[in-house]
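Thanks for coming. I will take a few minutes to go through one model, first as a whole and then residue by residue.

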Amino acid sequence: MTRPDARRAPPRPQRVELGFLESVRKRLPAHQRTLEALGHLYTRTGRYADGLQVDEALIRLRPDDPVVWYNLACSQALTGQPEQALQALGNAMAMGFDDVAAIRGDQDLASLHADPRFAALLARHAKPTKA
């Protein structure tokens with residue numbers, strides 16, 4: 001089951017925040033903190049395709065940031081792009097994003113949970129437990 005963008009209007013406070021952040025982005029399209037906040041808000045309000053566009057912009061600005069790769073993986077998973085999501089998640093983990101428990105529990109990645117490549121990726125990056 002894919003999770004299409006929800007087109008119901010978000011609550012008023014979120015609409016105001018979206019409007020503000022979108023106007024800032026028009027004036028400062030590469031302002032990273034604005035992009036981060038806008039990407040998170042798009043995802044919270046079900047605007048997954050818009051969140052993906054923001055994450056793609058952030059990757060161009062910060063290609064060495066594992067958190068940006070992780071967020072991109074989440075957006076790709078939410079928009080039905082499992083191949084790309086697994087690749088981005090692998091990049092994030094290779095760069096040090098290695099909280100396997102958090103990754104496993106992140107509902108943005110739920111569409112990947114049944115994929116054996118997801119389990120294999122987590123197993124490759126799991127920290128060994130102490131005996």
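This is a predicted model: local features need pLDDT of at least 70, side-chain atom pairs count only at pLDDT 80 or more; totals for chains, interfaces and linings use all residues.

Numbering starts from 1 along each chain as its sequence is written, and side-chain values use heavy atoms, with hydrogens and water left out.

Now the overall fold. Helices here are DSSP runs of H or I with at least four residues, strands are runs of E with at least two, and both are numbered from the N terminus.

How does the radius of gyration of the protein chain compare with that of a compact globule? For 131 residues such a globule would have a value near 14 Å, and the protein chain has 16 Å, which agrees. That radius is taken over C-alpha atoms, and the globule rule is 2.2 Å times the number of residues to the power 0.38. The C-alpha trace spans about 50 × 30 × 25 Å along its principal axes.

Buried residues make up 40% of the 131 residues. Buried means under 20% relative accessible area, exposed means over 50%, and partly exposed is in between, with a 1.4 Å probe and protein chains only. Of the contacts with a separation of 6 or more, 56% are between residues 24 or more positions apart; a contact means heavy atoms within 4.5 Å.

On to the core. The largest nonpolar core has 32 residues, and those with the most contacts inside it are Y70, L89, M93, I103, L109, L112 and F118. The elements giving two or more residues to this core are α1 (12-27), α2, α3 (48-61), α4 (66-78), α5 (82-94), α6 (100-105) and α7 (116-125). The largest share, seven residues, comes from α4. By nonpolar core I mean a set of buried Ala, Val, Leu, Ile, Met, Phe, Trp, Tyr and Cys residues joined through side-chain atoms within 4.5 Å. As background, nonpolar side chains tend to be buried together in soluble globular proteins.

Take I103 from that list. Not counting residues up to four places away in sequence, I103 touches Y70, L89, M93, F97, L109, H113, F118 and L122.

Two further buried residues. L41 lies in helix α2, residues 32-44, and L41 counts as buried because its relative accessible area is 0%. Leaving aside neighbours within four places in sequence, L41 is in contact with Q14, E17, L18 and L21.

Q76 is in helix α4 and, at 7% relative accessibility, counts as buried. With residues up to four places away again left out, Q76 touches L52, Q81, Q84, A85 and A88.

Last, which residues in the loops are exposed? D64, in the loop between α3 and α4, is exposed, with a relative accessible area of 67%. C-alpha to C-alpha, D64 and A92 are 8.9 Å apart, and they are 28 residues apart in sequence. P29, in the loop between α1 and α2, counts as exposed at 54%. P29 and L121 are 92 residues apart in sequence and 34 Å apart in space, C-alpha to C-alpha.
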